[in-house]
Number of protein chains: 2
Amino acid sequence: MPQNRAWTLASFPTGWVKEDNFKLVESPAPQPKDGEVLVKNLWLSLDPYMRGRLSQQKSYVKGVEIGEVMTGETAGEVVASKHPKFRPGDTVTAPSGWQLYGCHEGGLLTQVDASRVPLSYFLGCIGMPGRTAYFGLKDIGQPKPGETVVVSAASGAVGSVVGQLAKSAGCRAVGIAGGAQKCAHVVNELGFDACVDYKAGNLYRDLKEACPDGVDVYFENVGGETLDTLLRLMRFRGRIVVCGLISDYNATEPYGVKMFRSILVNRLKVQGMIVFDWLERYPEANAALLDLVIAGKLKYRESVLEGIESAPRGLIGLLKGENFGKQLVKLA
Amino acid sequence: MPQNRAWTLASFPTGWVKEDNFKLVESPAPQPKDGEVLVKNLWLSLDPYMRGRLSQQKSYVKGVEIGEVMTGETAGEVVASKHPKFRPGDTVTAPSGWQLYGCHEGGLLTQVDASRVPLSYFLGCIGMPGRTAYFGLKDIGQPKPGETVVVSAASGAVGSVVGQLAKSAGCRAVGIAGGAQKCAHVVNELGFDACVDYKAGNLYRDLKEACPDGVDVYFENVGGETLDTLLRLMRFRGRIVVCGLISDYNATEPYGVKMFRSILVNRLKVQGMIVFDWLERYPEANAALLDLVIAGKLKYRESVLEGIESAPRGLIGLLKGENFGKQLVKLA
């Protein structure tokens with residue numbers, strides 16, 4: 001029987017997450033019962049939403065409790081199955097959390113075809129982050145050809161897809177990222193029209209230059225001062241897709257948004273989203289994103305850490321913006 | 001030739017508006033040219049949006065300039081006409097501003113039938129404030145029967161209509177107003193289910209008690225801490241109609257909204273509005289509101305000051321929440 005290793009929650013972080021908020025525990029991998037499937041996880045996805053699970057505050061889903069395995073989506077291979085739809089060797093994505101083996105009811109697994117794209121992509125541009133970009137931009141942002149779309153965290157898993165979808169929709173795509181290297185990647189590799197380095201310290205001036213006609217759609221992943229800056233640049237009847245507010249997640253005091261008035265003056269529509277709301281339309285997004293990847297119209301970069309041990313460190317780096325591309329942990 | 005008296009802008013206010021920001025000037029009333037109509041104004045409407053016109057900041061329409069007659073809507077009687085559609089004695093609403101006589105192109109006037117309701121109502125519950133309530137609630141708030149609708153400035157011209165329309169739509173209507181007298185009026189006269197006195201100092205606790213299931217629709221007229229409090233009480237997929245932010249209008253530093261995170265967590269839709277956006281649907285609103293007034297289902301209270309001299313004082317009082325009902329100046 002294989003040995004499982006799992007990160008459990010040891011304590012709730014206050015402010016920034018620390019490695020000792022987690023505890024690595026070992027136990028034999030479980031055996032599947034009737035209807036269950038045992039998955040050997042090959043990839044673990046690290047995502048900003050995880051910060052929200054490490055809190056006793058109300059959020060859109062229940063948080064992790066002390067002693068529980070930390071939440072997360074994985075991609076892996078079926079090693080044992082007592083469910084008629086799954087056989088050993090099948091590739092799947094699973095809600096296993098931060099562990100090497102997950103035992104799940106078959107209904108919680110998604111079979112994926114890893115013959116044409118790498119398995120890990122189903123945790124990224126063709127997975128939850130890609131679908132988030134797809135539905136948020138299309139249904140809330142509603143970009144029209146010729147409009148300007150700005151996205152923060154533009155080199156990240158969601159942001160990189162948002163900008164490329166905006167280009168496909170005939171828009172001007174402008175990113176915001178931290179550092180010259182990420183900005184160069186966003187423009188040269190991902191094909192955005194421009195990317196502003198927020199670390200350069202002139203966000204308003206630089207964005208105004210990159211968006212001479214103002215901003216029609218802002219896809220918000222970070223919050224804080226960036227949000228206030230964009231509120232100053234939004235055009236009449238602009239849309240703001242509130243997908244994430246990562247700058248707030250580790251703050252002990254929330255940032256006070258000063259330019260709320262822009263919502264009134266410019267008649268903006270500001271809407272919060274979470275991808276679960278489009279569950280019944282996942283196949284539409286999956287097919288569209290897969291086609292774009294295969295056609296070479298959706299570029300994608302991964303940031304890979306090796307081994308389950310590195311998961312807490314990976315999340316901390318992600319929350320600080322240290323990753324460059326979709327953050328993954330290679331488990332095997 | 002009658003003598004006109006007009007309030008012009010003398011200086012831009014910083015923070016609170018003061019009487020000496022305005023200057024009262026006299027001149028002979030103009031004679032209408034071809035296509036024009038001379039209106040003797042009987043009523044002047046004072047409205048919170050006027051604070052926005054007294055600023056060099058960008059807003060949804062151009063501000064008033066120094067020396068210009070202060071903006072405002074009036075109701076009055078045609079005294080001379082060189083326009084085929086208007087005859088002396090006709091009752092109209094007009095964009096005359098703060099003055100006794102206005103000379104306008106006929107296309108800028110709206111003929112109103114003051115035979116069944118008082119003329120002044122066309123500046124209030126059947127006028128711009130009523131239409132603002134109607135379209136904001138119906139098109140953005142989209143209340144469903146059984147939902148809870150909260151409106152701030154509930155005894156005011158817009159708020160009082162919002163709550164009564166919410167009741168007509170089968171909702172629980174909860175107001176926020178300043179002082180026990182206004183709150184009693186909102187419940188006893190206007191028929192809201194509850195009204196919370198923000199001056200009592202327990203807004204969160206009192207609102208939570210008045211809205212045990214949370215808030216589905218918040219119609220925002222005030223902003224500031226009230227907005228933050230409501231963001232804490234909004235339900236999943238709630239809607240916030242951003243119609244006004246009066247608490248910010250006189251602030252030299254804008255309030256920092258701390259609970260923006262609620263937009264994400266609860267997937268709220270927050271949308272700014274101005275009634276001009278529904279121009280082509282004004283007849284629909286006018287007819288619906290008139291019917292409700294005549295049927296006794298839309299109650300309405302006016303706060304009347306006498307004489308053109310009192311206009312600056314009236315606006316200052318309105319911005320401080322001293323009015324009780326729709327603020328008007330009786331000009332003749």
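Is B:Arg237 buried, partly exposed or exposed, and how many other C-beta atoms lie within 10 Å? In this predicted model, B:Arg237 has 13 other C-beta atoms within 10 Å and is therefore partly exposed. The residue belongs to strand 12 of chain B, which spans residues 234-242. Its phi is positive, at about 60°, although B:Arg237 is not a glycine. Most residues other than glycine have a negative phi. A positive phi is also found at B:Ala153, again not a glycine, with a value of about 50°. B:Ala153 is placed in the loop between strand 8 (148-152) and helix 3 (157-168) of chain B. With 28 C-beta neighbours inside 10 Å, B:Ala153 counts as buried.

Chain A is divided by the domain assignment into domain 1, made up of 3-124 + 301-330, and domain 2, covering 128-276. The C-alpha centres of these two domains of chain A are 28 Å apart. Contact between them involves 15 residues of domain 1 of chain A and 14 residues of domain 2 of chain A. On the domain 1 side, the residues that touch domain 2 of chain A comprise five nonpolar, six polar and four charged residues.

Within chain A, A:Val112 lies in the loop between strand 7 (110-111) and helix 2. Leaving aside residues up to four places away in sequence, A:Val112 touches A:Thr91, A:Val92, A:Thr93 and A:Phe122. Of these contacts, A:Phe122 is ten residues from A:Val112 in sequence, and the C-alpha atoms of the two are 7.5 Å apart in space.

Helix 2 of chain A (128-141) is mostly covered, with twelve of its 14 residues buried. After helix 2 of chain A comes A:Gln142, which has a positive phi near 45°.

Helix 9 of chain A, residues 282-294, contains 13 residues and reaches 18 Å from its first C-alpha to its last, close to the 18 Å expected at 1.5 Å a residue. Its buried residues are A:Ala285, A:Leu289, A:Leu290, A:Leu292 and A:Val293. These cover an arc of only 160° around the axis, and therefore lie on the same side of helix 9 of chain A. In an α-helix there are 3.6 residues a turn, so residues three or four places apart point the same way. The other side of helix 9 of chain A carries the exposed residues A:Pro283, A:Ala287, A:Asp291 and A:Ile294. The buried residues of helix 9 of chain A pack against helix 2 of chain A. Just after helix 9 of chain A, A:Gly296 adopts a positive phi of about 75°.

In helix 10 of chain A (residues 311-319), the buried residues are A:Ala311, A:Pro312, A:Gly314, A:Leu315, A:Leu318 and A:Leu319. Viewed down the axis of helix 10 of chain A, they fall within an arc of 160° and so line one face of the helix. A:Gly321 follows helix 10 of chain A and has a positive phi, near 80°.

Chain A can be laid on chain B by a turn of 180° and a shift of 0.0 Å along the axis, with an RMSD of 0.0 Å. The two copies are thus related as by a two-fold rotation axis. In chain A, the C-alpha nearest this axis belongs to A:Gly256, at 1.9 Å.

The contact between the chains takes 26 residues from chain A and 26 residues from chain B. On the side of chain A that touches chain B, the elements giving two or more residues are helix 8 (261-265) and strand 13 (269-272) of chain A. By class, this side of chain A has 13 nonpolar, six polar and seven charged residues. Of the interface residues of chain A, 100% are also interface residues in chain B, so the copies meet through the same surface.

Note on methods. Residues numbered from 1 in each chain as written. Chains lettered and ligands numbered in written order. Predicted model: local features only at pLDDT ≥ 70, side-chain atom pairs only at ≥ 80, totals over all residues. Domains from an automatic or database assignment. Contact = placed C-beta atoms within 7 Å. Nonpolar A, V, L, I, M, F, W, Y, C, P; charged D, E, K, R; others polar. Helix = DSSP H or I, 4+ residues; strand = E, 2+ residues; numbered from the N terminus. Expected span 1.5 Å × (residues − 1). Buried ≥ 20, exposed ≤ 12 C-beta atoms within 10 Å, placed from the backbone. Arc of directions from axis to C-beta. Least-squares fit on C-alpha atoms with pLDDT ≥ 70 in both.
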